[in-house]
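Subject: Structure handover

Hi,

Here is the structure I promised to pass on to you. Please have a look at it first, and then read my notes below.

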Amino acid sequence: MKVLLITIFLFISAVIQVSFLAHFPILSRTPNLILLIVLMWNLYEDRDKNLGFYIAMLGGLFLDLFSEGLIGYQILLLLTISVLIKKVLKKHVRIPFTQEI
Amino acid sequence: MQGYGSKNKNYWVFFVVLILLIVLTNIFSSSARNFFYTISSPLQESLWGAGQSVSNLFGGIASVGSVKDEVNRLKLENNELSTKIVLLQETQDENAALKEALGLELNKKYELILAKFMSKNPDGDIVSLNKGKNDGVEEGMPIITAGGVIAGKIKEVYSSYSKASLLSANKLTFDVRIKHEEQDISAVAEGQGDSRLNLSFIPQDAKITDGDIVVTDCLGNIFPELLGVGKIKSIKKSDTSPFQEAEIEQFFDLKSALDIFIVKAIK
């Protein structure tokens, strides 16, 4: 149930990004709502939990579907960010207001 | 140890599922994209309209200070244009060409499909329209506004939606004519991404000024001729180069455009 709700939430966020936020460019770029969600989730989630990876994968998939070219670029990019946050950053850096290492 | 082995196994399973997902979605990318666009199109259209309204509201509030200056500037420009119209009306041929360029006879010249914008790609000047193969849309078809201004061309077509490159899409090039006084000067327009459009290959000895109107040319068969592109904004002239360059301020504004016409055929 949690996974389904997250899927729907990410899908709606992707639609908001490409249709609503497209009118509010920052330095000529559309604000990346999916990236923000992935960053926040992975920063605040426990290092041992894996839902952050699923969110990165699904968020990347929806962004790729709404873009052109090969599907997989945004998936791999967001997954890499997710892995870097979980396995590297949080292992060596204490981030304020998140779980203690 | 067992826990570690089980964790490792989970990672491998996730990795395999990921690879399968990427491969399968690429194989069936047209169907997958068409499916997601179909189910999200009502929401996309609503959000696009809402985004425009909010953007225009904030834009209006932010520009209150400069509105008075803009009104005065436009009044002056209007007076100049009124004078020009009187002069132009004396020449019947030029009047007919301007009428065409202004798109007052769009329906008589082109077979059109009315479409709406749904979304803009997060990574480039590519937009989605709510008409596709089922509506007779094909790759390469130009998209224009009701005022006869060129906006871009169809890039990819799916069953019920299509993607179009805007004029400013990276590496989109097309032939244009610069209208300077009585002269027509040929040049090439090239999209730079981020809503920027440049002119290149303008002969070094060509006399052009800021504000000169740029229209499409039919050389290269990319767009029909005499569709409005924009005005010259800033000219770059170099003694070492055989050509001048310039930036274009486009007539087409995605923020205020809701409907668009796809040119199916030229009559």
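**Salt bridges and the contact between chains**

A network of salt bridges joins Arg177(B), Lys179(B), Asp184(B), Asp217(B) and Glu225(B). By salt bridge I mean a side-chain nitrogen of Lys or Arg within 4 Å of a carboxyl oxygen of Asp or Glu. As background, side chains of opposite charge can pair when their charged atoms come close.

Before the rest, a word on conventions. This is a predicted model, so local features need pLDDT of at least 70 and side-chain atom pairs count only at pLDDT 80 or more, while totals for chains, interfaces and linings use all residues. Residues are numbered from 1 along each chain as its sequence is written, chains are lettered from A and ligands numbered from 1 in the order in which they are written, and side-chain values use heavy atoms, with hydrogens and water left out.

Lys179(B) counts as partly exposed because its relative accessibility is 30%, and Asp184(B) is partly exposed at 41%. (Buried means under 20% relative accessible area, exposed over 50%, and partly exposed in between, with a 1.4 Å probe and protein chains only.)

Another pair in chain B is Glu247(B) with Lys236(B), with 3.8 Å between the closest N and O atoms. This pair links distant parts of the chain, from strand E11 (residues 243-250) to strand E10 (residues 228-236), with the two residues 11 apart. (Helices, H or I with at least four residues, and strands, E with at least two, are DSSP runs numbered from the N terminus.) Glu247(B) has 25% relative accessibility and is therefore partly exposed; Lys236(B), at 40%, is partly exposed too.

Over all chains the structure holds 9 salt bridges. How many salt bridges are there between chain A and chain B? The count is 1, and it joins Glu68(A) to Lys155(B) at 3.2 Å, N to O. Glu68(A) lies in the loop between H3 and H4 of chain A, and Lys155(B) in strand E4 (residues 150-157) of chain B. Glu68(A) is partly exposed at 26% relative accessibility, and Lys155(B) is partly exposed at 31%.

Gly69(A) also sits in the loop between H3 and H4 of chain A. Its relative accessibility of 45% makes Gly69(A) partly exposed.

Now the contact as a whole (contact means heavy atoms within 4.5 Å). Chain A brings 34 residues to it and chain B 37 residues. The buried area is about 3100 Å², and carbon and sulfur atoms give 66% of that; this is the accessible area (1.4 Å probe) that the two parts lose on being put together, summed over both. On the side of chain A that touches chain B, helices H1 (2-19), H3 (51-65) and H4 (73-92) of chain A each supply at least two residues. H3(A) gives the most, with 7 residues.

Finally, chain B itself. Its secondary structure comes to 5 helices and 12 strands, and 38% of its 267 residues count as buried. Among contacts in chain B with a separation of 6 or more, 59% are between residues 24 or more positions apart.
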